[in-house]
Amino acid sequence: MSRVYNFSAGPAVLPEEVLREAAEEMMDYKGSGMSVMEMSHRSKIYDAIIKEAEADLRELMNIPDNYRVLFLQGGASQQFAMIPMNLMKNKKAAYIVTGQWAKKAFQEAKIYGEAVKVASSEDETFSYIPDCSDLEIPEDADYVYICENNTIYGTKYKALPNTKGHTLVADVSSCFLSEPVDVSKYGIIYGGVQKNIGPAGVVIVIIREDLITEDTLPGTPTMLKYKTHADADSLYNTPPAYGIYICGKVFQWIKKLGGLAAMKERNEEKAKILYDFLDQSKMFKGTVRKEDRSLMNVPFVTGDKELDAKFVKEAEAAGFVNLKGHRTVGGMRASIYNAMPKEGVEKLVDFMKKFEEEN
């Protein structure tokens, strides 16, 4: 069985090189006589794995010294609660709702305080990013929250919102490590790794030190305080040890390819192949406003549900899997994360041309 081209939105394609390396080390990691899966997270050998992973991530993202890197569990969805629990000192926060996940985070924040929706693109099925250059942000808001790349809807902020001096919190789950980023513009930048970095089960939180305090909302569980994990270097309890090990391998893979600037170039090249085809196709249409298009997630439709279904079915038979769009948008979606090779996109476009001619 040869490998398929996996266009899944997450858990998603991982670099073959990383998978092969992990397979080679599965039974015996570096002469330890055991797998990383079996290792104590308190052992010297595992300590070296997690420390190296953090060092490589810091180097890739150029993370300033006053930020902590936390490897946590619970996915991005647990952060929807953890963020207000730790940051809502004035019990007020501003949310920009540009998709399903930002909406879920906004609804979760309402449990803990006053969440104010300062902008939204729900009026047009989240197919664009609203203008965030001059929003009415409450003076006493503790932070401004965004989801930077919207996996389901295929939109991406090209400019960060003007937070008017307030702390910016961003979920970058589906654009993590896809391009260079200025971490100092954020108070918290976080994401689940299962789209662009590793296997499901790890969420990485990069948080400015002044936001890590004992002063959390009353009733915040020990496990949901950033301070608990920061004080213990992500080893307060057993971390998702094997997942972190794979993330570390992906960081090294990206470094070897030339870092985030090289990644961005690769991703732009891949996305252009697909978007250029969509823009001239008579059958397939992209669903996102051009200037807000994501490099990672590309939703498209034929305009005919039966034809969409036929396309997804025939694509799968041809080795292009997980192209069915999210139920809220319908149609198709190709997620073309870092690990998707350029030839995967080229072959998909060839298949789409052929399908268009035959139908």
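**Local features of the predicted model**

Tyr-46 is buried, with a relative accessible area of 0%, where buried denotes under 20% relative accessible area, exposed over 50% and partly exposed in between, for a 1.4 Å probe and protein chains only. The structure is a predicted model, in which local features need pLDDT of at least 70 and side-chain atom pairs count only at pLDDT 80 or more, while totals for chains, interfaces and linings use all residues. Residues are numbered from 1 along each chain as its sequence is written, and side-chain values use heavy atoms, with hydrogens and water left out.

Tyr-46 lies in helix α2; helices (H or I, at least four residues) and strands (E, at least two) are DSSP runs numbered from the N terminus. When residues up to four places away in sequence are not counted, Tyr-46 touches Val-36, Met-39, Ser-40, His-41, Pro-239, Pro-240, Ala-241, Ile-244 and Tyr-245, a contact being defined by heavy atoms within 4.5 Å. Tyr-46 and Lys-272, by comparison, are 226 residues apart in sequence and 41 Å apart in space, C-alpha to C-alpha.

Helix α6 comprises 17 residues (241-257) and reaches 25 Å from its first C-alpha to its last, close to the 24 Å expected at 1.5 Å a residue, the expected span being 1.5 Å times one less than the number of residues. This helix, α6, is mostly covered, as 13 of its 17 residues are buried, and it is followed by Gly-258, whose phi is positive, near 115 degrees.

In the loop between α1 (16-25) and α2 (44-61) lies Met-27, which is exposed, with a relative accessible area of 69%.

An open sheet of three strands has the order β11-β12-β14, with antiparallel pairing, and its edge strands, β11 (285-286) and β14, each pair on one side only; two strands pair if DSSP finds at least two bridges between them. Strand β12 (residues 297-301) is joined to β14 by four bridges, and the two run antiparallel, with Pro-299 standing opposite Arg-333 in β14.

Between β14 (332-335) and α9 (342-358) there is a loop that contains Pro-341, a residue that is partly exposed, with a relative accessible area of 33%. Leaving aside its neighbours within four places in sequence, Pro-341 is in contact with Tyr-5 and Lys-270, whereas Pro-341 and Ile-146, which are 195 residues apart in sequence, are 29 Å apart in space, C-alpha to C-alpha.
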